[in-house]
Amino acid sequence: MAQHRRDDIPHLPTEEQYLNCIRCGLCLSACPIYRETLRETDGPRAHVVLTRKYAEGEIDISPEFVDLMYKCLDCEACNAICPVGIRPADLAMEMRQVIHKTQPQPWLKKPIFHGYFPHPLIQELSVLPLLLYQRLGLQALARKLGILKLLPRQLQDMEHMVPKLPARPLRQVLPEEVPPAGEEKHRVAFFLGCFQSTIFAQESEASVRVMARNGCRVFTPKQVKCCGMPAAGYGDIDLVKSLARFNIDLFLPLNPDVIVTDCATCGSTLKHYGEILKDDPAYAEKAALFSSRVRDISEFLMSIDIRPPKGEVRARVTYHDPCHLVRAQKVRKQPRDLLQLIPGVEFVEMKESDWCCGSAGTQILTHYHNSLAVNRRKMENVRATGADIVATGCPGCQMQLNMGSNHYNVNVRVVHPIQLLEEAYRREEAEIAADDPSTGD
Amino acid sequence: MIEPRVVKELETIVGKEHVLSSPEDLIAYSYDSTFEEHRPDIIVSPANTEEVSRVMRIAYRENIPIVPRGMGSGLAAASIPYSGGMVLNLTRMNRILEIDQENMIATVEAGVVTADFQATVEEMGLFYPPDPSSIKHSTIGGNIACNAGGPRCLKYGVTSDYVLGLTAVLPNGDIIKTGGKAIKNVTGLNLTQLLLGSEGTLAVITEALLRLMPKPKYARTAMAVYADLDDAAKTVNAILLEGVVPATIELMDDTTINTIEEYLHLGLPTDAAAILIIETDGSDEQTVLREMETVARVARECGATDVRVAKTEAERNELWRGRRSVSPSLARRRPNKLGEDISVPRSAIPEAIRRIKAISAKYNLPIVVFGHAGDGNLHPNILFDKRDPDEWHRVEQVSAEIFGMAVELGGTLTGEHGVGVLKQPYLELALGQTVIALQQGIKKVFDPKGLLNPGKKFPAA
Ligand SMILES: Cc1cc2nc3c(=O)[nH]c(=O)nc-3n(C[C@H](O)[C@H](O)[C@H](O)COP(=O)(O)OP(=O)(O)OC[C@H]3O[C@@H](n4cnc5c(N)ncnc54)[C@H](O)[C@@H]3O)c2cc1C
């Protein structure tokens with residue numbers, strides 16, 4: 001019976017990825033979805049068993065099967081907790097690739113992932129789903145994309161996901177090269193993510209300024225394409241590969257010491273290019289080199305000798321660990337250290353800081369009730385800290401936390417850690433300016 | 001197959017979304033933590049005792065077998081629905097109904113995850129001691145149905161020592177309450193204890209009254225290393241004779257140590273014959289420290305080559321991480337493991353381990369031995385690949401020999417995992433025909449139609 005499908009299914013997980021699962025169920029304790037629905041079928045253990053049964057030819061892919069694989073938040077908490085070394089979340093992602101290859105394309109995929117994310121220009125014209133909302137209204141967008149009707153409350157929730165959008169995408173505004181203030185110590189290529197460019201422009205602007213203040217020459221290639229994560233999420237690995245090749249060719253010629261991004265999701269994908277292209281003879285080496293240079297902004301800043309700001313940000317601040325940072329990149333300490341460099345910040349840990357917030361990109365669209373339920377746990381933990389600010393270095397998390405703070409009535413400001421650092425530097429500069437008689441008139 | 005009209009009825013009781021029967025659902029509720037599997041026809045997830053009762057009434061009327069299920073972490077295939085029919089999934093019943101601080105008694109629903117419950121009472125300075133290694137992925141109901149134990153049971157006892165009363169539903173749907181908040185109670189037969197360890201064969205447990213303790217404020221953990229297994233075994237008794245009752249004395253043999261070390265790199269002594277992990281705890285720091293000093297001294301006197309006392313909480317957690325990871329790290333070596341759970345008199349531990357090693361050599365299958373040395377409950381785990389029919393055949397022979405050995409040494413088949421179906425072939429060896437018949441008789445009183453978890457714990461009459 002074993003391995004009926006091995007030869008004809010591309011991307012089918014291999015036997016060693018599931019064979020040794022002892023079905024102990026420890027992963028259930030860490031799975032944010034299972035912990036809300038309490039349905040075994042939704043949990044990582046079932047994903048492993050179902051994958052195996054599919055690989056062994058015992059079952060076929062049904063709509064329910066597809067939904068189960070798409071319900072996974074890919075938060076990787078199961079990967080991290082499994083004592084045997086099984087990676088259930090990876091299996092779900094790989095099954096999405098199998099689904100992509102073997103099943104008719106579901107909604108969204110074609111228009112969004114081929115048309116939208118890969119091309120910066122198109123993406124900027126229609127940030128999903130928010131900018132379009134402002135032109136057409138979400139309901140119209142949803143209809144256009146063929147999604148089921150959105151619930152009224154869901155629409156309201158989505159409206160609260162973003163702060164004021166930038167007038168122009170940052171990609172069009174940010175200089176291609178920013179010189180360091182003072183002596184040049186680091187040559188940085190900055191990977192400007194889609195969401196950062198179009199929604200959280202202030203943050204990436206801050207990232208570049210903070211790096212420049214700290215001896216970095218920062219290059220921001222304008223032709224940058226999507227890192228590939230959304231396509232990976234929808235199982236389109238070929239598209240991910242072509243994006244990876246493009247970005248590698250764009251960045252490596254700049255010969256940067258490091259490639260920095262302030263988006264946790266982009267970072268986790270970029271660090272994977274080496275793995276993704278390891279079987280591509282023309283790119284394997286370049287991809288490995290590329291990935292080895294990638295740093296999250298907090299990881300990079302805490303690895304160089306950064307100058308702590310003198311300006312204050314007086315606030316009680318807590319920190320939410322993005323799944324794509326804490327587990328996918330093992331960056332846990334640096335953002336916390338970074339926040340604590342800022343004078344005036346009173347840092348408080350929240351309970352379960354690394355529990356997924358329920359975003360996972362598009363779950364609020366595709367699995368609204370689960371996404372909300374997972375988010376409630378997060379927001380209650382935020383509330384319990386009494387913090388004024390919750391910092392997190394991932395645009396998806398930020399949108400979800402913005403939504404949740406409104407939905408669950410938790411009075412917090414959601415920021416990227418780099419924004420607070422930037423604010424502190426700015427205060428410092430403003431104070432110096434105010435003190436300096438030569439700048440007055 | 002459950003008839004559509006019955007499905008409809010069930011849906012009106014628990015809600016449509018809590019009656020599952022897609023092929024994916026049937027697969028997800030077909031397994032536990034063994035390698036066994038069998039699909040049910042339907043999964044029903046009630047929200048409270050009342051719903052359980054109504055669901056069971058229907059099942060009784062329609063002659064549908066019912067298998068209660070917690071989180072499916074069982075190691076005896078006791079929750080596998082071989083009979084088809086209905087899996088009664090209790091995980092939605094996860095409320096802590098009351099924590100009575102004055103009487104130190106909690107009332108909980110059966111589906112509460114044990115670790116969640118423990119964390120909640122500990123926040124109030126209280127303590128629920130039973131600590132099966134599966135604490136994060138098993139339920140109070142499952143713990144009661146299996147009478148789960150854990151490392152701490154040397155000092156604190158097992159689940160049954162903490163259950164004062166139960167609410168349960170009989171197969172015909174009748175709701176019963178046993179015991180109560182009174183600590184002393186001899187009014188009538190002790191049905192509470194009869195249901196403890198009954199593996200879901202007599203009644204479905206829906207709520208429990210659990211006894212709590214004050215939380216010990218201090219704990220000290222040490223690892224004692226031995227070149228000779230006998231010395232490790234001697235240590236256990238010597239410590240108790242000194243008047244110290246450690247919370248735990250856990251034993252790992254050389255194969256276990258090497259298996260953990262290979263994967264976790266904790267710096268365990270890979271050339272040792274055995275190690276003991278010993279923890280003392282209590283509410284007075286000086287006493288705990290003094291007890292640990294005694295433990296360390298006695299261990300050395302008994303021949304320990306090294307005794308390391310954890311100095312920080314982090315070091316202590318590392319020691320425990322090693323112990324808790326034993327079972328799963330084994331799975332990294334071979335695709336399957338069969339974890340046995342024999343229990344022998346304490347003094348027979350070294351002999352039992354020696355015989356297990358001989359059995360391992362005889363059948364050429366790796367067996368790792370670890371367990372609760374304080375009470376003689378050992379977990380010999382046989383590592384194998386079930387896809388190889390010859391290996392599987394040898395596993396069965398190994399099991400038979402291990403059980404025979406345990407009984408011969410004055411012990412028994414299972415200390416805490418339960419009989420389920422996996423250990424039934426050896427039941428007569430341990431209990432004898434008369435006792436089995438008596439138990440079948442008791443089952444008949446509770447479950448005349450034989451619908452509740454049929455064929456588990458003992459053969460159907
Ligand atoms: C890695 C690992 C480590 C383990 N360590 C230990 C350990 O240290 N000590 C120990 O004792 N066990 C241990 N176990 C075994 C197992 O976790 C326990 O038996 C646990 O009590 C089962 O709880 P559950 O909720 O998962 O029950 P399930 O596995 O779902 O069910 C087990 C049995 O209980 C019955 N049942 C469940 N809930 C109810 C209910 N509400 N009413 C009536 N019957 C019910 C089922 O029908 C079945 O017969 C371990 C298991 C694993 C996988």
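How far from an oxygen atom of the ligand does a backbone N or O atom of B:G142 lie? In this predicted model, the separation is 3.3 Å, a polar contact in the sense used here (a pair of N or O atoms within 3.5 Å; within protein, one must be able to donate a hydrogen and the other to accept it, and residues adjacent in sequence count only if both atoms are side-chain atoms). Side chains of chain B also take part: an N or O atom of B:S134 is 2.6 Å from an oxygen atom of the ligand, and a polar atom of B:E416 lies 2.9 Å from a ligand nitrogen. The protein buries 97% of the 970 Å² that the ligand exposes when taken alone (accessible areas by the Shrake-Rupley method with a 1.4 Å probe; for residues, only the protein chains shown count as cover).

The model is predicted, so local features need pLDDT of at least 70 and side-chain atom pairs count only at pLDDT 80 or more, while totals for chains, interfaces and linings use all residues. Residues are numbered from 1 along each chain as its sequence is written, chains are lettered from A and ligands numbered from 1 in the order in which they are written, and side-chain values use heavy atoms, with hydrogens and water left out.

It is worth a look at who surrounds the ligand. Of the 35 residues around it (a heavy atom within 4 Å), B:P68, B:G70, B:S73, B:S134 and B:T139 come nearest. Helix α5(B) provides the largest share of this shell, five residues. By class, the shell has 14 nonpolar, 18 polar and three charged residues (Ala, Val, Leu, Ile, Met, Phe, Trp, Tyr, Cys and Pro count as nonpolar, Asp, Glu, Lys and Arg as charged, and the others, Gly among them, as polar).

The two chains themselves meet through 32 residues of chain A and 33 residues of chain B (contact: heavy atoms within 4.5 Å). The area buried between them is about 2,700 Å², with 52% given by carbon and sulfur atoms (accessible area, 1.4 Å probe, that two parts lose on being put together, summed over both). In chain A, the most area is lost to chain B by A:I22, A:R23 and A:L38, together 21% of what that side buries.

Polar links join the chains too, with 20 residue pairs in polar contact, both at pLDDT 80 or more. Among the elements of chain A, α3(A) gives the most to the side touching chain B, with five residues (helices, H or I, at least four residues, and strands, E, at least two, are DSSP runs numbered from the N terminus). That side has 16 nonpolar, six polar and ten charged residues.

Seven salt bridges are counted between chain A and chain B (a side-chain nitrogen of Lys or Arg within 4 Å of a carboxyl oxygen of Asp or Glu). A:R35 and B:D116 meet in a salt bridge at 2.4 Å, N to O.
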